[in-house]
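User: Hi! I'd like to go through a structure with you, bit by bit. Could you have a look at it with me?

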Amino acid sequence: MKTGGLLAGILAAATVALVVLGTVWPARSALAYTGGQGLLRSSSTPEAAVQNLGDEIRTQAWQRAYDSLANKAQFTEPEFVGDLTGYYPNLRTYSGVDHVEVFPLHASDNDADVQLKIYWATVVGTSVSTRDLHVVRNGDHWEAEWPIVKRPVVPPQVIPVNYLRWDVIYRGPGDDWGAQDVESPHVRIVDMHPVQRAEGVVILGELLNEDVVPAYVSVTATLLGDNQAPIGTEGSFDKISHLLLPKQVTPFFIQFPGASLSAVRSIRMTPFSTLVSASADPVIEIDNQRINPAPGASLSGQLINQSGQVVNVAHVLGTFYDSTGHVVWIADQYVDHALLPQTAVPFDIHIPEDLARKISSERAVVASYTAGGSL
Amino acid sequence: MRTRAPWLLTGVAALAALPGLAQSGGLTLPNKIEAGAAFSIQSSGTGKGTLYIAGLGQVLERDVQVGETVQFPAGALYNAGHYMVVLTSANAPAETGAFDVVPESKPADISFLARPSRLAVGIHGGITGAVYLLDAYKNLVSAPTPVDFQLTSASGETQSRTVNTRDGAAWTEMDSTAKQGADNFVARSGGISSTRVIGQVPGDPCGLKMSAKPAGQQVQLETDPVRDCSGNAVPDGTIVTFTEAYNGTQSTVDVPLKRGIAQVEMPAHPGATITVASGVILGNQIRWER
């Protein structure tokens, strides 16, 4: 009993001592995460100046970040914040900066070029934005010039929209049990191709809405081994455009991590579709699509919102075909800028190096999400 | 007094299973009655007793004077099936018997299942209709009964079939016609009918064709009115994909049909090849030289 009381006293005293130590001499990283300046260092080099700026952006110390810029006279602080987080609600609105990386590009005695990579943690994964900053010496320290991209100006205009919309009324509880409910949309898998990759089995395919009504779709696949025993079941999750208007085609991508194609005897595909209220707008043009060869193979292009409303999040899905027309890969990218009417926004979808050589053609589709609207 | 207490069923069955409770000729029962019909049961003997009538889903219990005729009004027994009768009294062993309650011979209701509620035009055997004939008490009318099926399209074209029910059910197949519209699918039997509406919608676009003309720095693309192979107008909202390929790059745009046509403006690149498609149906191709 006496020993226990002594131990408790020692533990309490040690806890108090550690709290005092942590408060008076906090760890730099801990201070940084609380919004303090713990990780900030002297801007005695171009890299340090950009690193400090990145840390201030990460901790959302907007005023300090803005004040540290060499060219802040060219724009206001709200414009600086808007350039980083978006002028309209978008993927970054509900995300934060996970970390930043700094890469020196060029340096002289009085100026330098430094690349800043900002890794945003979004609800659909990491989104990376890259800015090349010019850094200038100012006395004994360096200051970065922010390459501001000002708010795109949409000229005053009237865009006539006679958009189509489908609404659905389902059967009610008082209906005769034999009365039909509205028929689910008829969808069809028009292509399906399993591929063995290092990370497991991947099923690539395309799904067509062959009906005259919009469909909310998804695809589930089950790998079957010997004796039709299921190996695993996976769904397309977000690697699909879930809203299909009549006669629209979406790619789908289903991953089975760790699975081996040699153990698979057959695959059971289960497309799912249900009626959903939908609008035929917005129409988004995918312009200047280009397959960039390896190294750094990618599909790049621009999205142009041809409608009059702001599209908050756009999801680009690329389907890549070989010379015989078979699907060889499907990749996607979320665009983290809102799409303003008639304003081009670039995208760049990474393609695995080993597959880039096989690709002969591609097809891109866009799924769009508008705040306050349906899918 | 009518009760549906499940314990009564068990109790009646137990009484009947007791040794020595052999059936006697003391009960006079009908061989069978129609559901909902009035009937009577005559017993022999004297004293007070209790009469149980138990079947699937329905149990009756009556305090009776043994030796008198017990009258049951119309609607007393309405669930079709086999019923067991047990008469117990203090002065004599229990007496048992059985009779059947059969559905009414004339249907009073039709349950009509028609599938699908929406399908493309020109599909052979694409529409199915299944009918269950029920009497006024929702018993399946098991006697063979003719059912007339009739599918009438919006243009007045009619398909008819007559099918006899088997075990209370009948079904048929119909073809979707070449014209889009709402078809009335009617099932009739014994003077009653039930109607379902089948939506016939256009099929895939057929002969998809577009034209191009300059519009400033752009090229304006517009399809002819899009129709299926039967000449039905493909509905608005159907997606038409325009693809423009030039110098190793391409532009695509998915455009919904509006007022029967799809139109869009795309960049005008001299030498570009422009194609149009809807779903898996390809249209014509244009080479833009201006």
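User: Which residue takes a positive phi in the hairpin of strand 5 of chain B and strand 6 of chain B?

Analyst: That's Gly57(B), with a phi near 90° in a hairpin that has two residues between the strands. Strands here are DSSP runs of E with at least two residues, helices are runs of H or I with at least four, and both are numbered from the N terminus. A quick word on the source: this is a predicted model, in which local features need pLDDT of at least 70 and side-chain atom pairs count only at pLDDT 80 or more, while totals for chains, interfaces and linings use all residues. Residues are numbered from 1 along each chain as its sequence is written, and chains are lettered from A and ligands numbered from 1 in the order in which they are written.

User: Thanks! How many bridges join those two strands?

Analyst: Eight, and strand 5 (residues 48-55) and strand 6 of chain B run antiparallel. Two strands count as paired if DSSP finds at least two bridges between them. Within this pair, Ile53(B) stands opposite Leu60(B).

User: And where does Gly67(B) lie?

Analyst: Gly67(B) is in the loop between strand 6 (58-65) and strand 7 (69-72) of chain B.

User: Let's zoom out. What does chain B come to in helices and strands?

Analyst: Chain B has one helix and 26 strands. Its C-alpha trace spans about 115 × 35 × 25 Å along the principal axes. The radius of gyration of chain B is 35 Å, whereas a compact globule of 290 residues would have one near 19 Å. That radius is taken over C-alpha atoms, and the globule rule is 2.2 Å times the number of residues to the power 0.38. Buried residues are 34% of chain B.

User: How about chain A, what are its counts?

Analyst: Six helices and 19 strands. Chain A is more spread out than a compact globule, because its radius of gyration of 27 Å is well over the 21 Å that the rule gives for 375 residues. The C-alpha atoms of chain A fill a box of roughly 75 × 75 × 55 Å along the principal axes, and 33% of its residues are buried.

User: Now the interface. How many residues does each chain bring to the contact?

Analyst: Chain B brings 29 residues and chain A brings 27. On the chain B side, strand 23 gives the most, with eight residues. That side divides into 13 nonpolar, 11 polar and five charged residues. Nonpolar covers Ala, Val, Leu, Ile, Met, Phe, Trp, Tyr, Cys and Pro, charged covers Asp, Glu, Lys and Arg, and the others, Gly among them, are polar.

User: Which strand of chain A pairs with strand 23 of chain B?

Analyst: Strand 14 (residues 284-292) of chain A, in the antiparallel sense over four bridges. One of the pairings is Ile286(A) with Thr252(B).

User: What about the largest nonpolar core, which residues have the most contacts inside it?

Analyst: Ile284(A), Leu303(A), Ala314(A) and Phe242(B), in a core of 95 residues. A nonpolar core is a set of buried Ala, Val, Leu, Ile, Met, Phe, Trp, Tyr and Cys residues joined through C-beta atoms within 7 Å. A second, separate core has 17 residues, including Ala35(B) and Leu77(B).

User: Last one: what covered face does strand 8 of chain A have?

Analyst: Strand 8 (residues 215-224) covers Ala215(A), Val217(A), Val219(A), Ala221(A) and Leu223(A), while its uncovered face includes Tyr216(A) and Thr222(A). Tyr216(A) stands opposite Thr274(A) in strand 12, and Thr222(A) stands opposite Thr233(A) in strand 9. In the hairpin of strands 8 and 9, Asn227(A) takes a positive phi near 55°.

Notes
Buried ≥ 20, exposed ≤ 12 C-beta atoms within 10 Å, placed from the backbone. Contact = placed C-beta atoms within 7 Å.
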